[in-house]
Amino acid sequence: MNHHNPITIRLDEMVNVWNKNVRPHHRLIRWMLKPEDHRMYEGFCRFEASPYGKLDNLFVFFYTPFTSAETFCHALMENWLHEYDDPKQRQLLQKAGVSREWDVRLFRNAVDNKDYAACDNLIHAMIASYKQIINQVDAPFVFSLLPKQISHPQHVMQWMTVWMRKATNTQLLVFDHVDGNFWGPVFEEHAAEAVTLQHDLRMQEAIRQIATAGAATDPYAFFRKCMFGMGDASVKKNKDLLINWGEKAIESAQKTGDKNLLATAYISFAGMLFGFKDHDRIGALLNTGMRLCKQEIAGGKDDLKPLLLQFYTYKGADLQLQKERKEALQWFIKAGDEAVAFAFVQLAISSYYKAFVFAEYKNWNEDKMLVCKKALQLTNRLSTEDIQASEYPFMAYAWVHEKQDNLAEFVDEKMNQVYGQDWRHTVEELKQNYTKQKLREAEKGLVIN
């Protein structure tokens, strides 16, 4: 392991913070970091769950979406069983010396029957059984979570409270935001058994160190230096400096001959110029970048397809800023249509949702429902996980609420399968958090990621 690697250094720092603060009686643990540091939390959990972890604790780590307090233990157990069934996971266990078969019949039966109440109790038995099968009965067990979707923080705290009543020899690890303190009430309630870990990870510094290493001789490293230069100029509101770095980025990308890098230079430069409303320059950069992407895709370079979709979205956002709203909407829709053609179904859902929110904000109900229908016609191509991790539920809610047709019946049935009979209530709560942010972006005149 390279101890001069900025990421490795920070992982070591996190291990030291853990060792200094976490004690066996702590059953509730959180890393309270900046929102953008969630990748390091993820890296910490994944590293400690691997054979190379430095802590004595036994970690398991899940991204399982949180939809409700009643179903989360079931979802976690289902996720765990799915991982155990993976042949690659079996091979890893065998390499670690675990030769015995794990008897999961009791747990699988509860999951298959969707016995949510039983799962609330059985998940703790599942943890104990797992520790036994891997011959680590006495190891401190850390159940670490980073749900890729959360319906409502209050419901997560309800689930944590129930978990704390039933868990005994398990440490629950979660991620929290420094400015949000989302789990504060639960940690205060269980103060005697809880600990909060905090550390300044200095991630911007780390990213810059990694990205610009060798910039003097490596054209790719110099390109990344140009990207940081553009970012700094944008923050300082220095348009001339931004243009200088942007032109250097394009020049350095051209020297590499890497068309993907060149397209990235065009779209990054254009994106930085949004703050200056230099629409002529933005339009020229986006048009050049789109032509480049289309040429490369026609030649078989499929890796540029996602970037082309991003160009379409930026084009729509630029037109939106110029108050060419109907034309802007067409570009957002075009991004979705093209994503469908490329078989990028999740990207299509995301693109259609941008158009959906924009049309809704402008009270263009006919356009909104047109986009909604385009998205919902992809239902058969979406897995349960795809639906839970995307904006599909919001459009499903809108269609079922307004329409009484075969598509509405089909979508209602699908949502019942994914979220249960009370799915409308669940989506209403999701909307309270998610859509407000999208509307704020629309009010600012920018509906791009």
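Author: Happy to! In α1, the residues I7, R10, L11, M14, V15 and W18 meet M40, Y41, G43, F44 and E48 of α2, where contact means heavy atoms within 4.5 Å. Sorted by class, this contact of α1 with α2 holds eight nonpolar, one polar and two charged residues. Here Ala, Val, Leu, Ile, Met, Phe, Trp, Tyr, Cys and Pro count as nonpolar, Asp, Glu, Lys and Arg as charged, and the others, Gly among them, as polar.

A word on the background: this is a predicted model, in which local features need pLDDT of at least 70 and side-chain atom pairs count only at pLDDT 80 or more, while totals for chains, interfaces and linings use all residues. Residues are numbered from 1 along each chain as its sequence is written, and side-chain values use heavy atoms, with hydrogens and water left out. Helices (H or I, at least four residues) and strands (E, at least two) are DSSP runs, numbered from the N terminus.

Now the geometry of that pair. Two packed helices are described by the angle between their axes and the distance between the axes. For helix α1 (residues 6-21) and helix α2 (residues 38-49), the axes come within 10 Å and cross at roughly 75°. Axes are lines fitted to C-alpha atoms, for helices over the stretch in contact, and the angles run from 0 to 180 degrees between N-to-C directions. α1 and α2 are therefore roughly perpendicular to each other; under 35 degrees would count as roughly parallel, over 145 as roughly antiparallel, 65 to 115 as roughly perpendicular and the rest as oblique.

Helix α3 (residues 72-85) and helix α4 (residues 87-95) make another crossing, with axes that come within 5 Å and an angle of roughly 75°. That makes α3 roughly perpendicular to α4. E83, Y84 and D85 on the α3 side meet P87, Q89, R90 and L93 on the α4 side. The residues of this contact of α3 with α4 are three nonpolar, one polar and three charged.

F223 sits in helix α10 (residues 219-235) and, at a relative accessible area of 5%, is buried. Buried means under 20% relative accessible area, exposed over 50%, and partly exposed in between (1.4 Å probe, protein chains only). Leaving aside residues up to four places away in sequence, F223 touches A249, S252, A253, L261, T264 and A265. From F223 to A265 it is 42 residues in sequence and 8.5 Å in space, C-alpha to C-alpha. E251 belongs to helix α11 (residues 239-256) and counts as partly exposed at 41% relative accessibility. Its C-alpha atom is separated by 15 Å from that of L292, 41 residues apart along the chain.

Further along, the loop between α12 (259-273) and α13 (279-298) contains K277. Although K277 is not a glycine, it has a positive phi of about 55°, and at 57% relative accessibility it counts as exposed.

Next comes helix α16 (residues 345-361). Its 17 residues should span 24 Å at 1.5 Å a residue, and its end C-alpha atoms are 24 Å apart, which agrees; the expected span is 1.5 Å times one less than the number of residues. α16 is mostly covered, with 13 of its 17 residues buried. Just after α16, N363 takes a positive phi of about 60°, although N363 is not a glycine. N363 lies in the loop between α16 and α17 (365-376), and at 67% relative accessibility it counts as exposed.

Let's finish with helix α20 (residues 406-419), whose 14 residues reach 20 Å from the first C-alpha to the last, close to the 20 Å expected at 1.5 Å a residue. L407, A408, V411, K414, M415, V418 and Y419 are buried in α20. They cover an arc of only 130° around the axis, which puts them on the same side of α20; the arc is that of the directions from the helix axis to the C-beta atoms. On the face of α20 turned away from the buried side are the exposed residues N406 and E409. Just after α20, G420 takes a positive phi of about 95°.
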